[in-house]
Amino acid sequence: MNKDRNGRYTPPAPNLRGNYRDSCIVCRTGTDSGVGFRGPAEWALAGIRTLGVPKDEAAVVLVNALNDGLPDESTHFAPGKVPIGEFTAEVRVCGSCVESSGAPFTVAPVALGVPVYEYRGE
Ligand SMILES: [Zn+2]
């Protein structure tokens with residue numbers, strides 16, 4: 001992850017379409033691999049944060065991931081607001097970011113279907 005000299009997270013420039021689609025949620029470089037989380041929004045948020053996304057970015061990443069799976073824009077979630085309910089959120093993350101986060105996740109190519117970590121209650 002990129003940090004400025006004050007230790008703040010500084011994402012690299014977005015891709016040519018002006019977004020981070022198809023990019024790792026941590027290092028923002030293009031990647032074909034990912035991981036999924038199924039359960040309450042807080043579960044997915046915790047997973048996303050475990051991978052190394054800062055707290056103030058995690059809700060944005062989650063909403064983007066959920067909206068990516070919704071072809072109808074009228075059903076999209078509001079940007080940056082943590083949705084309420086149970087969801088499956090699939091995020092793109094590269095193997096080296098998973099490794100450096102220490103998160104116990106396995107990634108797989110998105111085209112083959114990513115492993116989904118399911119919430120199993122308290
Ligand atoms: Zn990465």
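Analyst: Before we start, a strand here is a DSSP run of E with at least two residues, and strands are numbered from the N terminus. By that count, the place of arginine 38 is in strand 1. Keep in mind that this is a predicted model.

User: How many helices and strands does the protein have, and what pattern do they follow along the sequence?
Analyst: The protein has three helices and four strands. Read along the sequence, they follow the pattern β-α-α-β-α-β-β.

User: Which residue in strand 2 is the bridge partner of glycine 39?
Analyst: Strand 1 covers residues 33–40 and strand 2 covers residues 86–92. The two run antiparallel and are joined by seven bridges. Across that pairing, the strand 2 partner of glycine 39 is phenylalanine 87.

User: Which residue in strand 3 is the bridge partner of glycine 34?
Analyst: Strand 3 is residues 108–109, and two bridges join it to strand 1. That pairing is antiparallel. Glycine 34 has as its bridge partner there alanine 108.

User: Which residue in strand 4 stands opposite arginine 38?
Analyst: Strand 4, residues 116–118, pairs with strand 1 in the parallel sense, over three bridges. Leaving aside neighbours within four places in sequence, arginine 38 is in contact with Thr88, Val116, Glu118 and Tyr119. The one standing opposite arginine 38 in strand 4 is glutamate 118.

User: Is arginine 38 buried, exposed or partly exposed?
Analyst: Count the other C-beta atoms within 10 Å of arginine 38 and you get 15. Buried needs 20 or more, and exposed needs 12 or fewer. Because the count for arginine 38 lies in between, the residue is partly exposed.

User: How far apart in space are arginine 38 and glutamate 90?
Analyst: Along the chain, arginine 38 and glutamate 90 are 52 residues apart. In space, C-alpha to C-alpha, the distance is 8.7 Å.

User: Are helix 1 and helix 2 parallel, antiparallel, perpendicular or oblique?
Analyst: The axes of helix 1 (residues 41–50) and helix 2 (residues 55–68) come within 9 Å and cross at roughly 120°. Perpendicular takes in 65 to 115 degrees, and antiparallel starts over 145. That is why helix 1 counts, relative to helix 2, as oblique.

User: What is the make-up by class of the contact between helix 1 and helix 2?
Analyst: The crossing is right-handed. Helix 1 brings Ala41, Ala44, Leu45, Ile48 and Arg49, while helix 2 brings Lys55, Ala58, Ala59, Val61 and Leu62. Sorted by class, that contact has eight nonpolar, no polar and two charged residues.

User: Which residues does serine 101 contact, leaving aside its neighbours within four places in sequence?
Analyst: Serine 101 is found in helix 3, residues 95–101, and is partly exposed, with 17 other C-beta atoms within 10 Å. Serine 101 and leucine 51 are 50 residues apart in sequence, yet 5.3 Å apart in space, C-alpha to C-alpha. With sequence neighbours set aside, the contacts of serine 101 are Thr50, Leu51 and Gly52.

User: What is the phi of arginine 28?
Analyst: Most residues other than glycine have a negative phi. Arginine 28, found in the segment before strand 1, is partly exposed, with 19 other C-beta atoms within 10 Å. Although arginine 28 is not a glycine, its phi is positive, at about 65°.

User: What share of the contacts with a separation of 6 or more comes from residues 24 or more positions apart?
Analyst: The protein has 122 residues, and 30% of them count as buried. Among contacts with a separation of 6 or more, the share from residues 24 or more positions apart is 62%.

Notes. Residues numbered from 1 in each chain as written. Predicted model: local features only at pLDDT ≥ 70, side-chain atom pairs only at ≥ 80, totals over all residues. Axes fitted to C-alpha atoms, helices over the stretch in contact; angles between N-to-C directions. Parallel < 35°, antiparallel > 145°, perpendicular 65-115°, else oblique. Left-handed = near helix turned anticlockwise from the far one by under 90°. Contact = placed C-beta atoms within 7 Å. Nonpolar A, V, L, I, M, F, W, Y, C, P; charged D, E, K, R; others polar. Pairing = 2+ DSSP bridges.
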